[in-house]
Amino acid sequence: MKQTEISSERNSSTDAQNLEPWTNPTVVGKPLPRVDGYERVSGSAIYPADLILPDMLHAAILRCPHPHAIVKNLNTEAARKSPGVRAIVSSADPEGKLVIPYPWWVPEGPPVLLFDQHCRYQGEEVAALAADTPYQAYDALRLMKVEYEELSHLLHAQDALKPGQPLLHNTGNLVRRPDTYQRGDLAKGFGEADVLVEETYETSCEIHATVETHVAVARWEGEQLTVWVPTQAIYEEQKSLAATLRLPVSSVRVISQYVGGSFGCKAELSKHTLIAALLARKTRRPVKLALSREESFLCAGNRPPNVMCLKAGAKKDGSLTALEFTNLGAVGAYADWADAAGWAAGSYACPNIRTQDTEVYINAGKARAFRGPGAAQSAWALEQMIDMLADKIGMDPVEFRLKNVPATHPRTGEPYTSIELRECLLKGAEAFGWTKARVARASSSDPVKRGVGVASCRWITEGGPPTTVIVTLFPDGSATLNMAAADQGTGTKTIMAMVVAEELGIPLQKIHVEHADTGTTQYGKSGGGSHSVMVYAPAVRAAAADVKRQLLEIAAGELKRPAIELSLKDGKIVPVREPGQPKNLSELKDLTRREQIAGIGHPPPEPKGRLIASFGAQFAEVEVNVHTGEIRVIRLLACHDSGRVMNPLTHESQIFGGMVMGIGFALTEQRVLDDHQTGRMVNANWHDYKIPTAKDVPFDQLCLTIDPKDAECNSAGAKGVGEIGTVPTAPAIANAVYHATGIRVTQAPISPMQMLALLAARREAR
Amino acid sequence: MYLRPTTLDQAVDALEHHRAQVLAGGTDFYPALGERLPSTPVVDITAVAELKGISVHETFFRIGGLTTWSELLAAQLPPCFDALKSAAREIGGVQIQNRGTVAGNLCNASPAADSVPPLLALDAEVELVSIGGRRGVLLADFIVGSRKTLRRADELLTAVIVPRVVENARSVFLKLGARRYLVISIAMVAIVLAVDEQRRIRDIRIAVGSCSARAQRLRELEQFLTGRPAQARLDALVMPEHVKSLSPIDDVRATAAYRSDAALILVRRALQMCAS
């Protein structure tokens, strides 16, 4: 544990916890480059995959090649004798029966055994071994002899509850009781409608495809386990590892130095991490286990596929009267979430709503949280549905949305601390040249048709405790920021260093941000749910303010002035009345004697009776070649209300990154399972699973922001931005495709092939 | 066993005496291996200087087998090579283009090999050398099926020979994939079109890839178009029956039906680009 002198004077710290958002910040809000940019770009940053420990072994996992099978017999004898092999774990060992806990957001599910003889998905772990080199480990895996009894498999949610289908768990294929929500009177709402639309939408299973695959390095020192993992959630992993291994929590240390992309798939304990720990314990040597790209496609999470049936009604004036949204989602082989419908109930002011989410198991890798989980799928259906209604009553889609912007949260009636959805739609439409673009159409003879589309979005975020942050100031004017937030690539470290710089008036270069490490950083919420800034910025600010208070008290004693007459500027003490006579911190004898000042900060509780949500609208322009079905996104414009923009560069990275993901979701990304024969994934590689390349992303991308000057959400005035950027992109593209062609594509992704088939079907119908 | 000969004689000698795999740019070789080690001896030909470079002769161009796509792109070549250069730009990313070789692409004989349609349209011939001597085989005959060629295990593909017949003809290469870049094609078309003084089609070669086990020329369509004026709306003459000799398959990238449709559209589009 890092030894930190923590001031016992806590009496005035409450003030530090209840700060008003900055009015004229000098550092926060500036487009400053990443504090760890050089390390990340130059390769000097040490990711877990780069870690080499003395005597370290390399592990590899034997995985079931079938989507559904029973391991009848496993013979590891030849592998055990293979050169370099030091240890093997399998279902034959007592450890094989260890049960991996579900993360906190999945309340229950069938037990996940480390090595289950009943393999429920392609890639399920069967055994693992550690060897001197990775190649010896891979070679030895091939010597393991497994006799599988192949079972018939279930690949589609639509089949899961039909009789005669294979059952994945003895509780059946239903994950949990369907979640239903209702308000108003649906029949009455449909009766009041002037127009009704009904449509079924489908989204495909999308893979996180992080640049860095999952990795774990484990080392034991006595009964003390240290694990290096790229994770969003050091404390979640620590708790799960300790529970699984029946160790005191304090005996497990989880370190997340750098994360090479996560998007939600690195927030829970994975089997490979536990396997690395077990093999390290068996061999008493450090063990590294890095998943291959193929493994990460099969077993490291995904955005689950959804089938969504919608019926909606509206009046001629554009007001929504009723919405029915029924979703069926496939979580994969073990419990997780595949919801979508419930999200729609909170999107627009609609008095009569019924939503139902049903989730089922299928023989495929388990879903994990994926950037805007549920919301992205929900928006694909709902935002196209809104477009259909607008089209049917002949109203502009922007106007239609404006008509239905809710004043309060439609589900609970609670007010938002701020909501600028209206402004996002208006400012975005104007900057996009929406009205003009909506009218302009390509000549009928040109095979390339142009169109524009819009979609809006909302994402609820929660900040607040528990989280503890420590800021330490040294007499030379440098500071250390100690927090449990791992920077998953979003810029958290940069933004938090900016908060310290803002509060203490010291340059960014003199602030060191510690890596997330349960051994040295205090408990903090994980980086997920778009809440890192909302949780940590107020906490860091409070800690820095605590430092400042203590520092000014020291200075007041030495300068014989009341602390209130002193300020901290450019790392110096400045008497308010004599600004020309600043005093260096090193001149403060009491500070030098104390060696450092440590300030502690916590995020203040969430505002009572208020909800915090981010909002946005995105606009897309596409070209559709009606001869080949090719679709090109020509232009994207986002206008978002995420509260205060802490750093325009990192904010823009989030929105642009989200939109690029949205392009993939809309046009190319799809897990393809072999329906006809093997049931295996046929594109578990970057060759055939296509994420957008630089050439697929429009040069013309713009990100506008609206700052609601939200003084209620937290002391930073900032709301979440990590996930929302990807939510409306795909439906905006689909709506643009409709505008270009008159064809409503309900199934994501819109491949050229699907597009062409729909165009051909329309020709035949005419 | 890993051999790295520095002369062509040593290379073919090595192939004669070992049942070896040939390693050139490695851009297909290593991905095909995956995590496995090579099961046969490997003859790495990258140090054989005789296999490098492009030269112009009285009646033909000679493209050394080890010529990389980046080198081809940098070479000064007449317009009939534009299609091949377009294809070179589509082969993977820049790193792949720096490593991947002409000989490798042809010997790997993927149905989706980007260089094959443009070279077919140039009536290219491959030069094969073994300890027993040298022979030339038309590219159209050399690739016999998906990943199957006439190259014997003791032979090395040393060069591609392109006759100087249609040097100033226009040429176009079009490729359709699921995204814009770094993509295996769903369908691709290369056309080389030469006109006479009256702008009538004197010589036309149309090759389609990814739509059959091996890329192929559309000979009937070529004959049908020869002698016609190279003018606007040439594309309107192309009918679905002109591409019926193709035999595309369903796979992870596209269905057969979509491939047939796409091939027809690409042929029309490429023709229009050549004629206008």
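Phe61(B) is buried, at 3% relative accessibility (buried is under 20% relative accessible area, exposed over 50% and partly exposed in between, with a 1.4 Å probe and protein chains only). This is a predicted model, where local features need pLDDT of at least 70 and side-chain atom pairs count only at pLDDT 80 or more, while totals for chains, interfaces and linings use all residues. Residues are numbered from 1 along each chain as its sequence is written, chains are lettered from A and ligands numbered from 1 in the order written, and side-chain values use heavy atoms, leaving out hydrogens and water.

Over all chains there are 13 aromatic pairs, counted when ring centres of Phe, Tyr or Trp (its six-membered ring) lie within 6.5 Å; planes under 30 degrees apart are stacked, over 60 edge-to-face, and the rest tilted. One of them joins Phe61(B) to Phe81(B), edge-to-face, with 5.0 Å centre to centre and 85° between the planes. The pair bridges distant parts of chain B, 20 residues apart: Phe61(B) belongs to strand β5 (60-64), Phe81(B) to the loop between α3 (69-74) and α4 (82-90) (DSSP runs numbered from the N terminus: helices are H or I, at least four residues; strands are E, at least two). Phe81(B) is buried too, at 1% relative accessible area. The ring of Phe61(B) also has the charged end of Arg164(B) over it, 5.3 Å from its centre (NZ of Lys or CZ of Arg within 6 Å of the ring centre and within 35 degrees of the ring normal).

Over in chain A, Trp104(A) and Trp105(A) pair edge-to-face at 5.5 Å and 90°, and Trp104(A) is exposed at 61%. Ring pairs also tie Phe432(A), Trp434(A) and Phe619(A) into a cluster.
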